Amino acid sequence: GNCTGCKIDAIAFHSYTCYGRFLKDHLDIFRSFGKPLWLTEFACAESGTLSSPRLSMSGQMAFMKEAIPLLEADADVEKYAWFSYFEDQWLYSDVAGDAGLVNSDGTLSELGKLYETFLPGGGV
């Protein structure tokens with residue numbers, strides 16, 4: 001329905017694509033609303049021939065290396081959060097990727113260690 005007098009502060013969305021170029025397409029779609037963008041979940045979690053090589057931990061790392069610089073450089077992106085899930089932990093459709101940041105014992109996974117490098121003062 002209609003919302004007379006409602007105020008929209010930002011556009012929040014999820015993206016489970018596996019390549020930076022497709023993430024950019026998603027950003028461009030939502031940018032059309034002229035509001036700050038909040039990417040509240042993102043990680044490679046798409047099925048298909050193109051995406052399947054990116055579901056592994058090393059594939060997630062490749063995607064993260066594309067995605068974080070893209071998000072950081074985009075003035076319209078106000079917030080973003082990685083969607084952390086491990087193989088066989090999130091059974092959506094036929095996708096069983098490995099995007100977990102923290103191991104069950106509380107230590108950082110290899111992907112988590114990479115994510116940490118994107119903090120201020122980090123090396124990536």
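**View 1. The disulfide of Cys18 and Cys44.** The link between Cys18 and Cys44 is right-handed, with 80° about the S-S bond. This is a predicted model, in which local features need pLDDT of at least 70 and side-chain atom pairs count only at pLDDT 80 or more, while totals for chains, interfaces and linings use all residues. Residues are numbered from 1 along each chain as its sequence is written, and side-chain values use heavy atoms, with hydrogens and water left out. The sulfur atoms of Cys18 and Cys44 are 2.0 Å apart; a disulfide here is a pair of cysteine sulfur atoms within 2.5 Å. The bond links distant parts of the chain, 26 residues apart. Cys18 is in the loop between strand S1 (11-15) and helix H1 (20-31), and Cys44 is in the loop between S2 and helix H2 (57-73). Cys18 is buried, at 0% relative accessible area, and Cys44 is also buried, at 0% (buried is under 20% relative accessible area, exposed over 50%, partly exposed in between, with a 1.4 Å probe and protein chains only).

**View 2. The disulfide of Cys3 and Cys6.** The structure holds two disulfides, and this one joins Cys3 to Cys6 with an S to S distance of 1.1 Å. Cys3 is partly exposed, with a relative accessible area of 46%, and Cys6 is partly exposed at 44%. With the bonded cysteines numbered in sequence order, the pairing is 1-2, 3-4.

**View 3. The chain as a whole.** Three helices and three strands make up the secondary structure, where helices (H or I, at least four residues) and strands (E, at least two) are DSSP runs numbered from the N terminus. Their order along the sequence is β-α-β-α-β-α. The chain has 124 residues, of which 35% are buried. Among contacts between residues at least 6 apart in sequence, 61% join residues at least 24 apart; contact means heavy atoms within 4.5 Å.

**View 4. The aromatic pair of Tyr19 and Phe22.** Rings of Phe, Tyr and Trp (its six-membered ring) pair if their centres lie within 6.5 Å; planes under 30 degrees apart count as stacked, over 60 as edge-to-face and the rest as tilted. The count by this rule is eight aromatic pairs. Tyr19 and Phe22 form an edge-to-face pair, with 6.1 Å centre to centre and 85° between the planes. Tyr19 is buried at 12% relative accessibility, whereas Phe22 is partly exposed at 27%.

**View 5. The aromatic pair of Phe42 and Trp82.** This pair is edge-to-face, with ring centres 5.0 Å apart and planes at 80°. Phe42 in strand S2 (residues 37-42) and Trp82 in strand S3 (residues 77-82) are 40 residues apart, and the pair links distant parts of the chain. Phe42 is buried, with a relative accessible area of 0%, and Trp82 is buried at 9%. Phe42 and Trp82 belong to one aromatic cluster with Phe63 and Tyr80.

**View 6. Charges over rings.** A charge sits over a ring if NZ of Lys or CZ of Arg is within 6 Å of the ring centre and within 35 degrees of the ring normal. Arg21 lies over the face of Tyr19, at 5.0 Å from the ring centre. Lys79 lies over the face of Trp38, at 5.4 Å from the ring centre.

**View 7. The largest nonpolar core and Phe63.** A nonpolar core is a set of buried Ala, Val, Leu, Ile, Met, Phe, Trp, Tyr and Cys residues joined through side-chain atoms within 4.5 Å. The largest has 28 residues, and those touching the most other members are Phe42, Phe63, Met64, Leu71, Trp82, Tyr85 and Leu111. At least two residues of this core come from each of S1, H1, S2, H2, S3 and helix H3 (110-116). H2 gives the most, with six residues. Leaving aside neighbours within four places in sequence, the contacts of Phe63 include Cys18, Tyr19, Phe42, Cys44 and Trp82.

**View 8. The surroundings of Ala10.** Ala10 is in the segment before S1. Leaving aside neighbours within four places in sequence, Ala10 is in contact with Lys35, Pro36 and Trp38. The C-alpha atoms of Ala10 and Val77 are separated by 9.7 Å, and the two residues are 67 apart along the chain.
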